[in-house]
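Biologist: I am new to this structure. Can you take me through it step by step?

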Amino acid sequence: MLDPRSEIYPTIEYRPIQPSDLEVLEKIHLSLFPIRYEREFFLNVVNGHGVISWGAVDTSRSDEGRDELIGFVTTRMIAAKDSEIEDLFRYNNSRKDLTLLYILTLGVVDSYRNLGIASSLVREVIKHAASVSNCRGVYLHVISYNQPAINFYKKMLFKLVRRLPMFYYIRGQHYDSYLFVYYVNGGRTPCSPLAFLKMLVGKFWSKEEKSIPRWSR
């Protein structure tokens, strides 16, 4: 691993996660997260079964670990209608096949922190989401006490759109979750001027229709 006292910055490259990463991927998840993931999750990640992932490796290492994961992000594409934020996209009902890219896990080993690796991984996710024409955003949950993660996603220009009470249950205790969204391909919060205008127009026509006697339609 990287010596934190070294003034030489490593050469980081990004690639898809592959089957040979299985053991290291499990080990890093175990060390970083309070939630324990099933073996099936890791098998799905390394084999690309319903999971889109990127890994970070330090190619400047001189030992056999130059292709060993030192960071990762795992994601899944889901239908917008199946998400907790489907209501944020209701105003755009011309498309019924809208999707969202959900960030499952994101992590960097301790000795490689503060080198911009997590930011680069998230940018890979955003770039992929933007390349999918019917995708309208990247979203994720952050546990309410994880202030560094909250600050990180705000810095990456994600929008905090919702607080979900008692979303997590960890070691016998409930925790709230913050839900963050990064909009792509014209996706936008309903608080944007265009969405607000559409909402007003919709309410106006709704009132007009209610004022017309049913027999006159």
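Biologist: Let us start with the pocket. Which element gives the largest share of the lining of the largest pocket?

Modeller: Keep in mind that this is a predicted model. The elements that give two or more residues to that lining are strand 4 (99–108), helix 3 (117–131), strand 5 (135–143), helix 4 (147–155) and strand 6 (159–170). The largest share is 7 residues, and it comes from strand 4.

Biologist: How much space lies in the largest pocket?

Modeller: Its lining is made by 37 residues. Phe33, Leu106, Asn146, Ala149 and Tyr153 are the ones nearest the centre. The space in this pocket is about 1,100 Å³.

Biologist: How many residues of that lining are nonpolar?

Modeller: Take the other classes first. The lining has 3 charged residues and 8 polar ones. The nonpolar residues number 26.

Biologist: Now helix 4. Why do its buried residues lie on the same side?

Modeller: The buried residues here are Ala149, Ile150, Phe152 and Tyr153. In general, an α-helix has 3.6 residues a turn, so residues three or four places apart point the same way. The four lie on the same side of helix 4 because the arc they cover around the axis is only 160°.

Biologist: Which residues are exposed on the other side of helix 4?

Modeller: The buried side has its cover. That cover includes strand 4, helix 3, strand 5 and strand 7 (173–183). On the other side, the exposed residues are Pro148 and Lys155.

Biologist: Which residue caps the N-terminal end of helix 4?

Modeller: Look for a side-chain oxygen 3.2 Å from the backbone nitrogen of Ala149.

Biologist: Let us turn to His141. Is His141 buried or exposed?

Modeller: His141 is found in strand 5. Its relative accessibility is 10%. The cut-off for buried is under 20%, so at 10% His141 counts as buried.

Biologist: Which side chains make polar contacts with the side chain of His141?

Modeller: His141 touches several residues beyond four places away in sequence, including Leu164, Phe167 and Tyr168. Its list of touching residues also holds Ser177, Tyr178 and Leu179. Another, at 2.6 Å, is with the side chain of Tyr102.

Biologist: Ser83 next. Which backbone nitrogen lies 3.4 Å from a polar atom of the Ser83 side chain?

Modeller: Ser83 sits in the loop between strand 3 and strand 4. It is buried, because its relative accessible area is 10% and the cut-off is under 20%. Leaving out residues up to four places away in sequence, Ser83 touches Ile78, Leu100 and Tyr139. The backbone nitrogen at 3.4 Å belongs to Glu86.

Biologist: How far apart in space are Ile70 and Val109, C-alpha to C-alpha?

Modeller: Ile70 has its place in strand 3 (residues 69–79). It counts as buried, at 0% relative accessibility. In sequence, 39 residues separate Ile70 from Val109. In space, C-alpha to C-alpha, the distance is 5.6 Å.

Biologist: Is Met166 buried or exposed?

Modeller: Met166 lies in strand 6. Its phi is near 50°, a positive value in a residue other than glycine. Exposed means over 50%, so at 55% relative accessibility Met166 counts as exposed.

Biologist: Where does Asn185 lie?

Modeller: Asn185 has a positive phi too, near 55°. At 32% relative accessibility, Asn185 counts as partly exposed. Its place is the loop between strand 7 and helix 5 (193–211).

Biologist: Step back to the whole chain. What pattern does the protein chain follow along the sequence?

Modeller: The chain has 5 helices and 7 strands. Of its 217 residues, 41% are buried. Among contacts with a separation of 6 or more, 68% join residues 24 or more positions apart. Read along the sequence, the pattern is β-α-α-β-β-β-α-β-α-β-β-α.

Technical notes
Residues are numbered from 1 along each chain as its sequence is written. This is a predicted model: local features need pLDDT of at least 70, side-chain atom pairs count only at pLDDT 80 or more; totals for chains, interfaces and linings use all residues. Side-chain values use heavy atoms; hydrogens and water are left out. On a 1 Å grid over the protein atoms alone, a cavity is a set of points where a 1.4 Å probe fits but cannot get out, and a pocket is an open set with protein on both sides within 12 Å along at least five of seven lines; lining residues have an atom within 4 Å of a point. Grid points are joined across faces, edges and corners, and a volume is the space filled by probe spheres set on the points. Ala, Val, Leu, Ile, Met, Phe, Trp, Tyr, Cys and Pro count as nonpolar, Asp, Glu, Lys and Arg as charged, and the others, Gly among them, as polar. Buried means under 20% relative accessible area, exposed over 50%, partly exposed in between (1.4 Å probe, protein chains only). The arc is that of the directions from the helix axis to the C-beta atoms. Contact means heavy atoms within 4.5 Å. A polar contact is a pair of N or O atoms within 3.5 Å; within protein, one must be able to donate a hydrogen and the other to accept it, and residues adjacent in sequence count only if both atoms are side-chain atoms.
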